[in-house]
Amino acid sequence: MRTGRDSRPDAAGELSLLVSSDGMEAAGLTEAHRDRPDPATYLGSGKISEIASLARGAGAEVLVFDTALSAAQERNIERASGLPVLDRTELILEIFQRRAKSREGRLQVELAKLEHLSTRLVRGWTHLERQRGGLSKTGGPGEKQIELDRRMIAERVKILRGQLRRLSRQRDTQRRSRQRGEQLTVSLVGYTNAGKSTLFNRLTRSGAYVANQLFATLDTTARRCWVGGGEMVVLSDTVGFIRDLPTQLIEAFKSTLDETVHANLLLHVVDASSVVREEQIDSVNQVLKEVGAADVPSIIVYNKADLAPAVLGPVRGEGGRIASVGVSALTGEGIDELRAALFEAAQSWRRDNALQPRELEPWERAKLEAEERRALASGETGEPPADSP
Ligand SMILES: Nc1nc2c(ncn2[C@@H]2O[C@H](COP(=O)(O)OP(=O)(O)OP(=O)(O)O)[C@@H](O)[C@H]2O)c(=O)[nH]1
Ligand SMILES: [Mg+2]
């Protein structure tokens, strides 16, 4: 179900991917356009009954709205249609919950869900009710119950915040020790499903989880990445962004997103084959701004060049620095140019900060050499092309 004046051609595809990423199957899709949403029901009553009968005809068990609904709107649509309703925020929260694997990830999602829940309690509507067994037909819980729920939530939120703060301190320490390594730290950012993990695996020869679903990656992983000429960078794969990322998630994922804020360089990975790639770039820049990473230098990586070959080849911008490169993380096309760009970035970062390459520990050198041997054996030299500095 899509509403509003949203007529981007890819929005339907994104909604279908979101729905399937939550383990559901889309039974049908319908659009509604309203200049101003009804404060009580979002849509008009005629439209809601139309949707309800469509949904029943298609055997749907839940209505998903590709927009944020207020607690009251949600409750009223559920009553009018007789079907449970998920709005866009809740759908994304559900997906995050499915994906969260690490302890930190689980805590972050739980916190985000509770924060969301507490906004829903304000109007005397509780989703705990749904968890307790089906839709209430009697007009919601009593004030006393709401008070209890609210107190329980507040206590749990406090505990979660404390645990997350401790984990965040650990993360800071790890990050500082990495930064003492005096290597350029590079963070992959981009719209969900752009191919960040595929690119991460290609560059670091590791096995991060890749899937054609939204938010496949929730946790941050960092690996060394050899970029040729004896130069190395530390590359992090991170959670993908999406248009209108729920603010509760941004807040809860603060420490994960901090990896991005503290990176020396961002590789902004773009699905070059998407018809809405400019909008996706804007959405990502918006989230970067919200997390305070707007000023971190970045290179745009147009990925999926196998589907959009026009993007191949580096483009230089201000001061001769590389502004964008085109690659296919899938086929490996353009990867040498990307490595060369990283090599260049690492060298100029070193120059700017008057840093010497760090003396490697023996085990690091051994690991690096093994990596290099593997790279050579698989036909990837990892060396910058001959014409680069
Ligand atoms: N054709 C093509 N598909 C690609 C390329 N890179 C990645 N993909 C596919 O795009 C989908 C998403 O890839 P991921 O690497 O999981 O994307 P991601 O950006 O890490 O996604 P999230 O972790 O969900 O944010 C997968 O089906 C990949 O196989 C590419 O260069 N070309
Ligand atoms: Mg990923």
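Helices (H or I, at least four residues) and strands (E, at least two) are DSSP runs, numbered from the N terminus. Before going further, a word on the model: it is predicted, so local features need pLDDT of at least 70 and side-chain atom pairs count only at pLDDT 80 or more, while totals for chains, interfaces and linings use all residues. Residues are numbered from 1 along each chain as its sequence is written, and chains are lettered from A and ligands numbered from 1 in the order in which they are written.

Strand 7 and strand 9 (residues 322-326) run parallel and share three bridges; strands count as paired if DSSP finds at least two bridges between them. Strand 9 has another partner to look at, strand 8 (residues 315-316), which is antiparallel to strand 9 and joined by two bridges. Here Arg316 has Ile322 as its bridge partner in strand 9. Five residues separate strands 8 and 9 in this hairpin, and Gly319 in the turn has a positive phi of about 65°.

Now return to strand 7. Are its faces covered or open? Both are covered: Ser298, Ile300 and Tyr302 are buried on one side, and Ile299, Val301 and Asn303 are buried on the other. A residue is called buried if 20 or more other C-beta atoms lie within 10 Å of its own, exposed if 12 or fewer, and partly exposed in between, with C-beta atoms placed from the backbone.

Apart from neighbours within four places in sequence, Val301 is in contact with Leu199, Leu267, His268, Val269, Val270, Val325, Val327 and Leu338; contact means that the C-beta atoms, placed from the backbone, lie within 7 Å. Val301 is also one of the residues that touch the most other members of the largest nonpolar core, which has 79 residues. Such a core is a set of buried Ala, Val, Leu, Ile, Met, Phe, Trp, Tyr and Cys residues joined through C-beta atoms within 7 Å. Helix 12 (residues 335-352) gives the largest share of this core, seven residues. In soluble globular proteins, nonpolar side chains tend to be buried together.

On to strand 6 (residues 265-271), where Asp271 lies. Strands 6 and 7 run parallel and are joined by six bridges, with Asn303 as the bridge partner of Asp271. Why does Asp271 count as buried? Because it has 21 C-beta neighbours inside 10 Å. Gly195 is 76 residues away from Asp271 in sequence, yet their C-alpha atoms are 7.1 Å apart in space.

Gly195 brings us to ligand 1, as Gly195 is among the closest of its 23 surrounding residues, together with Ser197, Asn212, Thr217 and Gly240. Residues are counted here if the C-beta atom, placed from the backbone, lies within 6 Å of the molecule. Helix 8 (residues 196-204) supplies the largest share of this shell, three residues.

Finally, step back. The UniProt record, an unreviewed entry, places "domain: Hflx-type G" at residues 184-350; its positions are given in the numbering used here, feature names are shortened, and annotations may be inferred rather than shown by experiment. That stretch is 32% helix and 25% strand, with its end C-alpha atoms 8 Å apart. The chain has 13 helices and nine strands, and 37% of its 389 residues are buried.

Key. Contact = placed C-beta atoms within 7 Å.
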